[in-house]
Every structure is written in C-alpha cells, then in structure tokens.
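Visitor: I am new to this structure and would like to learn how to read it. Could you guide me through a few features?

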Amino acid sequence: MKRILLLLLLVMAGQWLSAQEGAYEVKGSISDSSGESIIGATITLQSDTTATTLTGAVSNAQGAYTLRLPARGAYLLEVRCIGYKTQQQRVTITQPTMQVNFTLEENSVELSEVEVVAKHTKLQSNGNIRVQFKGNPITKGKSMSEALRFIPSVEVTGNQLLLNGKEDNLIYIGDQQITLQQLNSIPTSMIDHIEVVPNPGVSLGQQIKGGIIYITLRTEAGLLGSVSLRTQFDQRGFVDGMPSLFLQYTKAGVSLYNTLRGGGGRYTTLYKRQNKYQGEASSLVTTMSDSKKRDYAVLDNFGVKYQINKQHTLGVFGGVIYDRPKAETLLQNGAGQTLLTQGYDQRILNLNGGVSYAARLAVCEGLGIASTVSYSHSQSDGSAYYSTNEGELAESKSRTHYLTFHPRATLVFAGGNQLTGGLSYNYALDDNDAGGVSSGTLTQIIHRQFAISGFDLSPYLEYSKMLTKCLYLQAGLRYQTTVMHYRDLLNAQNDYTVPNRGLYPNLLLQYMLNPAKASGIGVAYRHFFSLPNYGYYSPVATYLTKNLYSIGNQRLKQETFDEAEVNYFLNRDWQFTYRVRYGRNIIQIMTYKDETAPDLYYTQPSNVGSRWSHYASGTFNKSLFPFWRTNNILYLRYDQEQMPGRSVESFSVGGTSTHQFTITKMVGLSVAFSGETARQQLGYTLGGRYGLDLGCYASLRHDQLQLSLSLSNLLHSRDRITMRMGDTTEQLRLDLSPCRRLVLTISYAFSAGDQVKPVRTESAATLSLERPVL
C-alpha cells in the first residue's frame, strides 16, 4: 500500500513540475517618454538562438501586455508601434512571472503630419481626451483659443468655451482655476499637454455644470519663458493691447511658473432698442444706447510645486489683479435727443492665494492623501454717474472674501480598484455699500447697505475600477448642504436665508471597442445642482433705459438637474454625442411691471419652472491631407421650458467648422465658421447668428517665434434678442457694436538649461497636483 501511495505522489509531482514548466509569463507596460500609456503596440517573443517568433500580444488601453512562455530560458522581446522606434531587449526567464516595462522613443522621421496629429490625441480608458501639445502641428503659431478649436469635442466661439455642447466649463493649471482669457496669455509652446474631462466625477467638484480642461506645463530643467503681445483693432481704430511675460523654472524638485499681464483698451457697444406697446394706443418707441468703456489692468498669477521626496509634494499658488474700468453710456431717442447719461469709474483689487499638499502614506499600500486651502479677497471702490436734467453721483464699495478647504484621500487596492473620499467646504462673504441719487426719475437708485454670505459643506465618496481590460466603471455620491444669508444692514426686516440640501450621485461606464483605433462608447449619468450667482441676489438696481431696470432676487434657490449622456467614438475621426437633461427651479431673467410708475418695467432672476433639453451632435476631426486639418461639429438642440400658465418649445440647428491649411512647415492659414438658428426661451428669444474668421500664422526660429494675424467676424450677424415685458409690451434689442476685429499676436519663447524628460506625476496609485481633486 505504501508503495502505491509513493508511486501516486511521484506521478503527481511529475505532473506538477510539468505544469510549472509551461506556467512562465512575461508581463509589463509600454509608455512613451512622458509616461503616457501606448495603446496598440505589438510585442513579440522570439527565441534568442533561432530568432523565430514564438508568441505575441498587443498592449491594451492601459499599455499593459502579457506573454505566456512554453519554458524557462533566454528570449528576445521586441516592441513595435507606428511613430516610435522599435526596441528590443534580451531576457532570461528563471521565475514563473517576470516584469519587463518599455519606454519607447518617438520616431518623427517616419510620420507624416497626419500621423503626428493622430498620435498626439488619445482617447483614454475613462473617456477623457489627452492631447500632447509639444511637437503637435495644430499648436504652431496659434493662441490657446485657436489651438483648442482643433481638439475633438471642443468648441471655441469668441470668449465662449464648450465641451460636447456644454457650457460652464472649468480650466485648471495645477490647483489654480483660470479663465480662458488667462489661458490665452500662455503660449502653446509652454504647454506639455492638456486633458479634456467631458464628464467629471463627484470628486472633481461639487457644482460643475460642464466639463474640465487640465493644463500641464512643460517640465524641463532650467528656465523656460516667453514674451508675447496681443493687440486688436476694429473699424474705429485701436481696441486694446495686452503684453505678457511667462516664466517657468524647474530644478532639484522645485518647479515654479509666473504669468504677468498688463495693458489697456477701449471698447464700444452700441444697442438699438425698440419698445413695442400694444393695446388701445399701440406705439413703437426707439432708443439708442451708446457705451464707451476704457479699461486698464495688471494681472499676475504664480504657482510653485516642491517635490519634498518621493512621498510628499507641496504646492503654493496665488495671484493679484488690479483693474481700473471707466465707462459712459449715452441713451438717446430715435430723434437723437439725450434721455439719460450713465457712467462709472471703478478701482478693483483682487488678491488670492492657496496651498496644496499631497502625500503617499506608508500606513498601507496604495494610500494617498491631499489637501488644498485657498483664500481670495476682492475689493471694489467706485462711483456711478447719472444724469437726466442734472448730474448726480452715487458712491459704491464692496468687499468680498472667499475661503475654500478641500481634504481628500485615495486608496488603490490590488486589481485596480480605487476609492476616493473627501469633503469640500466653501465660505463667501460679500459686504456692499451702494449710494443713491435724489432724482425723481430713477426711483430705484437709492442708498443700500447689505451683506450676502453663504457656505456649503459637501462630503463625497467615489469608486472606480477597470472591470475588464476594456470596461471602466466610475461611481460616486456627494451630499451637499448650502446656506445663503442676505442681510439688509439698513432694515433687518428684509433679511432672508435660503437653505439647499441634497444627495447627488454620478455614474460613468466607458467601454473601449478597439483601443488601437480609439473606438469606444461611454454612458454617463449624474444628478447635480447649480447655485445662483451671488450677483443675482444684489438689490442694487441698474437702469438699462429710462423705462427698464434690472434688480436681484434674495429668494433664489439652486437649480437641480438630471443628465444622461452617451458618447460614441467610431474612431479617431468621428464622435457622436446624445444628451438629455431635465432641470428644475430654472433661473430665468424675467420681465415684470413696476406698479410704482407708469410704463416702468424691471427684469429680475426667478426660479420660474422646468426645462427639458435634448442635444445631439456629430464631430469629424481629421487631417484630410498632410496640408489640411479640419474639425467640424454639427448639432441639433431641442428645448422645452414650462412654468405655471406658460410653456415654450424651441428647435435649433448649429455648428462650427474649423480648417487649417499648411503652406509650408512654418506658415499656414486658418478658416473658422460658426452659426446657429434662432432659439426661444421663456423670457426672451435669441435671433440666429453666424460668424466667419480668417487667419494666417507663422512659426519661425525652430518654433521659438510665433506670429498670428486673424480677422474675426469678417462676415457676421447682428445679435438680436426679443424680450417679452408683460402681456402688452415687447422689446427688441439689436447689437450694432463694431464686431470685426483685426488681431495680431506675437510670441517669442526662450529657454536656459538642459532639457530633461517630463516628469510623470499621475498614476493609479498616487495623487497628482497636475490633476487636482477640486
């Protein structure tokens, strides 16, 4: 019996050893010099002696691969990918599992411009779009606004930025939020890459209505910098000039940047208003509003990041803005007689700063923490001038304080599970003292002293995981408490408090159909809210005409939305989007009759009803030929708004078409068209619009000198808005302002120091200052 058992054990041991002989594998990841995963790279395993191919694999959406080996021994690994130099490495397998990672070097010689552009734009497994700016032909000679026009799912028309047709998008450099105008002051040559997040999770902000664009600056040892000048002209001559200086310095774990801008200009707006009165005495009253504004400003933004060691990173950021706007508006009737003169002279100072900290803790594997604290203070001192029969002056002051605190933690488990949790706390205080006038005509310009304050506290939890090699899941939940206090410092009986609370979930599923071809489909759902602008609470009246003024509403509540979106990426060239959104307590600027005086109306924001919105779009982004790059978006929009006793339906069609023509490697032309049919809303109707821009650009001295000359609104429509003022009055406002602009931009980049590879700071197991959790 013992002999039989011994024989069985020997047989089982032999089978186990035989199985182990075929259980060897090589796995790892493939990335480029910036640390970005390379999708679709081919990895082959060859015999080191005969050079015959034994097995192969293709890297997945995370750049990972796995090869199974028949036995231990010496082998040759070879990695190939279009746009990169082939790399080989000899390995000797002695253990069941061996990790071999590859970093491929770009091979720009074998790439045409068409392939270079495609290689620089990548659809990530979470649905975000990453665009490499360094070496990308679409950035040559362009401002950031012009370059963004060639990014898939992005539209830029004037000063408006849309992501998949969504408004209210945010832009960040590190932990600092900036505007599109501030971004335009940074030359494209100073940016390493951007990442477009069309559907942010709950960990990226508590009231984001649109998406986010993250800017990552170049990281090279030594000094990088640029000087630039942007100036505009219209039919009346000089409009504005804005010189700027950008500096970035990196050395020994310290990286800092500073953007200094200054300049001034004059701006003209001219509106024609027609008030149509119906009833027993129908009439049409025409007025002209001519406004001339002069503005002088100095702006500075800075950021410092210190890599204390591999586990700890400290960041400091801040800025200062000094603005001195002056304006005068002349209101005349159809015969040219002056009805009202208004003007203001303001001095605005804004100071802001913050500290961010991120660390990986040794408490357990994959644990990271981070925190951001920021504070801003803004003060405005000025005077408003009103003149009907005699001049009157109203002084005004405001002081605003805004504090944010955002601690969070991320835990990465084995298998790629990631759990993120934290809370956001924001506090704002706005003190105001506005003077009045004694005019019997402008009855609403009275002395007001008030304070608007509020806070919101919002804990959240978010989970994400690659369920399979191609399926990504992200789910989160946020609880929000927001309270707004309005205090009338002259009459406490007018004090008012508005509380808002709710649970806000978020879900995202992204499935990569073919990672190598950037083909995938994403489904997102979120329940979110939007707080009213603090300015909407202000009781200070602003006269638009002698018979119409605007005023705030202290009883506004937040808007809430449910949104579902589907994004289908057919390949790198085609993208299709469908989105449906339902909103409650929608804020509309409504028009009401002022019962204190005849023929006097006022506009006021109000939570008046609900809205269904359907949006469908198709995007075609491609290099048709080596000399021709195009990005086209066509969209359909259907809106239905309701309020007690009234409803409005509106269907509109619009789109943008942008083209870049490369004449030589250094010189090119651009053409951009945008347009949309009329849209009707509860409070007003927007007329159809269109605009055509032309431009030329040059990139000289190895891309150091960038020149751009554009003519915006060469062909354009006049903005028309029709407002319904009660049941018997309608106002048509036509914008006759000078719209054609000749824009000249000159930028020169310089550097001092040795170049090094960009530092990759974002991974599944770390928290990155480049992509902050807001």
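Visitor: How many helices and strands does the protein have?

Guide: The protein has four helices and 44 strands; helices (H or I, at least four residues) and strands (E, at least two) are DSSP runs, numbered from the N terminus. This is a predicted model, in which local features need pLDDT of at least 70 and side-chain atom pairs count only at pLDDT 80 or more, while totals for chains, interfaces and linings use all residues. Residues are numbered from 1 along each chain as its sequence is written, and side-chain values use heavy atoms, with hydrogens and water left out.

Visitor: What percentage of the residues count as buried?

Guide: Buried means under 20% relative accessible area, exposed over 50%, and partly exposed in between (1.4 Å probe, protein chains only). Here 51% of the 774 residues count as buried.

Visitor: Which residues have the most contacts inside the largest nonpolar core?

Guide: In soluble globular proteins, nonpolar side chains tend to be buried together. A nonpolar core is a set of buried Ala, Val, Leu, Ile, Met, Phe, Trp, Tyr and Cys residues joined through side-chain atoms within 4.5 Å. The largest one has 35 residues, and Leu-148, Ile-151, Leu-183, Ile-191, Ile-194 and Ile-215 have the most contacts inside it. Among the elements that give two or more residues to this core are helix H3 (144-148), helix H4 (180-184) and strand E10 (129-132). Leu-148, leaving aside neighbours within four places in sequence, is in contact (heavy atoms within 4.5 Å) with residues including Val-154, Leu-183 and Ile-194.

Visitor: How many bridges join E10 to E15?

Guide: Two strands pair if DSSP finds at least two bridges between them. E10 and E15 run antiparallel and are joined by four bridges, with Arg-130 opposite Glu-195 in E15. E10 also pairs with strand E9 (residues 121-123), again in the antiparallel sense, over three bridges. Along E10, Ile-129 and Val-131 point one way and Arg-130 and Gln-132 the other, and all are buried.

Visitor: How many salt bridges does a search of the whole structure find?

Guide: A salt bridge is a side-chain nitrogen of Lys or Arg within 4 Å of a carboxyl oxygen of Asp or Glu. The search finds 19. In one of them, the side chains of Glu-565 and Arg-579 meet at 3.0 Å, N to O. Glu-565 lies in strand E32 (residues 559-569) and Arg-579 in strand E33 (residues 574-593), 14 residues apart. Both Glu-565 and Arg-579 are buried.
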